[in-house]
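Try each task before you read its solution.

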Amino acid sequence: MPLTQIGNKKSLSERAYESIKDAIVTGEFQPGQILTEEQLAGELAISRTPVRTAVKQLEYEGLVEVNPSRNIIVAKITEKDIQDAVEARRLVEVEVAGMVAKTADEDQCRELREIVRLQEKSFQEQKTAELIEYECLFHTRIGQFCGNIWFEKLITSISLLQKRVLILGGKLENNWEQAFQEHRNIIDLMESHQEDQVRKLMSVHIQHGQPVLKI
């Protein structure tokens, strides 16, 4: 799949990073696939220098590995990666949900409800990519609402892993309708500032939504 060519409104390295990351997360570039700077630069219609900068960022985020021959290898996903991510979510995301519940306002709750509505619409229309996107967006927005940049970054990073697994053939252990209902219940509890109940339900929701590796 050829990458989308990019212009110069943003820095070339930034746009190269976004384009390559999207191809990795959505499964256009498969785990273990070998890429080269020359190939990526050709597909993006830019020089190799911004591609090299973009690859360094992707390597830092664990999305690619660079071997001694300077080949770029799309990072594989293991069961341990998933278990580690779930453990991190239980430690961080549960607490973040409680933090947000303490101060959640009407606008934030309204936005989360709109995300759930769009997610259900995507499910009904069988738009799998959108469905997964909104699943991850629900959680990353909660991370953003907490006001702690480090929690936000961690939740966003884990969300990328979960999105990759779901797109690459994973599934939610429960059904989507249950996930939607849990989202709605979390919002209701946040709106009434029930911090402890939000933490309990978010923990259950994370367990139910643990992706299963099938690749």
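This is a predicted model: local features need pLDDT of at least 70, side-chain atom pairs count only at pLDDT 80 or more; totals for chains, interfaces and linings use all residues.

**Exercise 1. Find which residues of α1 meet which residues of α3, and describe how the two helices cross.**

Step 1. On the α1 side, look for L12, S13, A16, Y17, I20 and K21; they meet P50, T53, A54, Q57 and L58 in α3. Contact here means heavy atoms within 4.5 Å. Helices (H or I, at least four residues) and strands (E, at least two) are DSSP runs, numbered from the N terminus.

Step 2. Residues are numbered from 1 along each chain as its sequence is written, and side-chain values use heavy atoms, with hydrogens and water left out.

Step 3. Two packed helices are described by the angle between their axes and the distance between the axes. For α1 and α3, the axes come within 8 Å and cross at roughly 55°. Axes are lines fitted to C-alpha atoms, for helices over the stretch in contact, and angles run from 0 to 180 degrees between N-to-C directions.

Step 4. Angles under 35 degrees count as roughly parallel, over 145 as roughly antiparallel, 65 to 115 as roughly perpendicular and the rest as oblique. α1 and α3 are therefore oblique to each other.

Step 5. Their crossing is right-handed. A crossing is left-handed if the near helix is turned anticlockwise from the far one by less than a right angle, and right-handed if clockwise.

**Exercise 2. Check the length of α1 and work out what covers its buried residues.**

Step 1. α1 runs over residues 12-25. With 14 residues, this helix reaches 20 Å from its first C-alpha to its last, close to the 20 Å expected at 1.5 Å a residue. The expected span is 1.5 Å times one less than the number of residues.

Step 2. The buried residues of α1 are A16, Y17, S19, I20, A23, I24 and V25. Buried means under 20% relative accessible area, exposed over 50%, and partly exposed in between (1.4 Å probe, protein chains only).

Step 3. Their cover includes α2 (37-44), α3 (48-60), β2 (64-66), β3 (72-74) and α7.

Step 4. Just after α1, G27 takes a positive phi of about 90°.

**Exercise 3. Is V64 buried or exposed, and what does V64 touch?**

Step 1. V64 is found in strand β2. At 3% relative accessibility, V64 counts as buried.

Step 2. Not counting residues up to four places away in sequence, V64 touches I24, V55, L58, E59, I72, I73, V74 and A75.

**Exercise 4. Describe the packing of α8 and α9.**

Step 1. The axes of α8 and α9 come within 9 Å and cross at roughly 165°. These two helices are therefore roughly antiparallel to each other, and α8 passes α9 in a left-handed crossing.

Step 2. On α8, the contact residues are Q178, A179, E182, H183, N185, I186, L189 and M190; on α9, they are Q197, V198, L201, M202, V204, H205 and H208.

Step 3. Within α9, V198, R199, L201, M202, H205 and I206 are buried. The buried residues of α9 pack against α4, α6 and α8.

**Exercise 5. Look at the phi angles of A45 and H193.**

Step 1. Most residues other than glycine have a negative phi, and most peptide bonds are trans.

Step 2. A45, in the loop between α2 and α3, has a positive phi near 60°. With a relative accessible area of 49%, A45 is partly exposed.

Step 3. H193 sits in the loop between α8 and α9 and has a positive phi of about 60°. H193 is partly exposed as well, at 38% relative accessible area.

**Exercise 6. Which residues touch the most other members of the largest nonpolar core?**

Step 1. A nonpolar core is a set of buried Ala, Val, Leu, Ile, Met, Phe, Trp, Tyr and Cys residues joined through side-chain atoms within 4.5 Å.

Step 2. Of the 33 residues in the largest core, V96, V100, L112, F138, I142, M190 and M202 touch the most other members. α4 gives the most to this core, with nine residues.
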